[in-house]
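Please work through the exercises below with the sequence and the model at hand. Each task is followed by a solution in steps.

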Amino acid sequence: MKRNVILLVLAALLLTAILAFSACGGDSGTEASKTPEATESLKNNTEEPPTEKPSAEPTEEPTAEPTEEPTEKPTETSDPTEVPDGLPIADIFSAVIDANGITDGSANKYKVEELNEPKTKYDESIGRYVAAFDGGDKETAGTYVVMDFVNSYNALEKSFSAEVYCSYNALELEMYCMGNLHAAGFGIGMANDGDNTTLGALFRNGDNYEIVEFGETKAETYYHCVITFDGKSMSYYFDGKLVGTKEITDFYMTDVDGAQYLAIGADCSEDQQNEYFYDGNVAIVNIYSTALTAEQVTALYNALPVKK
């Protein structure tokens, strides 16, 4: 009896061991067969990374400090031939005024020589460089001489326009911001008609000079002055408006050898040292080969960036 019980117990243990061994071997086979499929499944089911960038909270732009405009004064002016559409171009002479002096911006490119070291300065009141004159005499006055101006005499005797933008420091009996008046020609500055001195123009008419006044003026104030000659009459404009017209019977330029040039800051002289020296500032000196119309003169005045 005991023997049978022992046999039964042994048989049960053996059966248990066999079943345990079978179960272990079967599980290993199953895992081995499923691993490739599971791996492939993982490959097939792997999601592509998102192509869109994740939305982020907007980043506030940094607030920049306002940039101040440069206070340094410009060193040169723009080429005066670069004028807005519709405005005439000064084709005989056009003064380019900068920190270094005056040059000719016209196609003629006339050489501008200096006498006694003239000065230029930046005038903030009108936003541009000006030639600054303080009167004086031939030994001290700093002025400019536009050489070879005689090459334009034939054209000038047929028609021309002269434009200046100037101010004066004090009234003098006679002084010119620009001129070619030695025995002929034209000039703009302080004219004396025998009764009073005023800002005006002189020009040759036969054996005499015609003297015209532009209008009431005061010191240290800029004025736009233009004279035009069409071959028969001389018209004169003040701050863009026609003041009057003079009939001209015989206008001609000087034939004095030493005076065949244009002076700036004075009038020309036969020794090419200038005379009647200006006391004030000159911002514009332009000479045109045609008689400007009233509309063109007004447009030039209105185009001034700053008026004072």
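This is a predicted model: local features need pLDDT of at least 70, side-chain atom pairs count only at pLDDT 80 or more; totals for chains, interfaces and linings use all residues.

Residues are numbered from 1 along each chain as its sequence is written, and side-chain values use heavy atoms, with hydrogens and water left out.

**Exercise 1.** Determine where Asn180 is found and whether Asn180 is buried or exposed.

*Solution.* 
1. Asn180 belongs to the loop between strand 8 (175–179) and strand 9 (186–192); strands are DSSP runs of E with at least two residues, numbered from the N terminus.
2. Its relative accessible area is 0%, and buried means under 20% with a 1.4 Å probe, protein chains only; Asn180 is therefore buried.
3. The side chain of Asn180 reaches the backbone oxygen of Tyr261 at 2.6 Å.
4. A polar atom of that side chain also lies 3.5 Å from the backbone oxygen of Ala259.

**Exercise 2.** Identify strands joined by bridges to strand 16 and state how they run.

*Solution.* 
1. Strand 7 (residues 160–168) runs antiparallel to strand 16, with eight bridges; pairing requires at least two bridges found by DSSP.
2. Strand 5 (residues 128–134) is also antiparallel to strand 16, through four bridges, and Ala131 stands opposite Val282.
3. Two bridges join strand 1 (residues 93–98) to strand 16, again antiparallel.
4. Asn286 in strand 16 is the bridge partner of Ser94 and of Glu163.

Technical notes:
Buried means under 20% relative accessible area, exposed over 50%, partly exposed in between (1.4 Å probe, protein chains only). A polar contact is a pair of N or O atoms within 3.5 Å; within protein, one must be able to donate a hydrogen and the other to accept it, and residues adjacent in sequence count only if both atoms are side-chain atoms.
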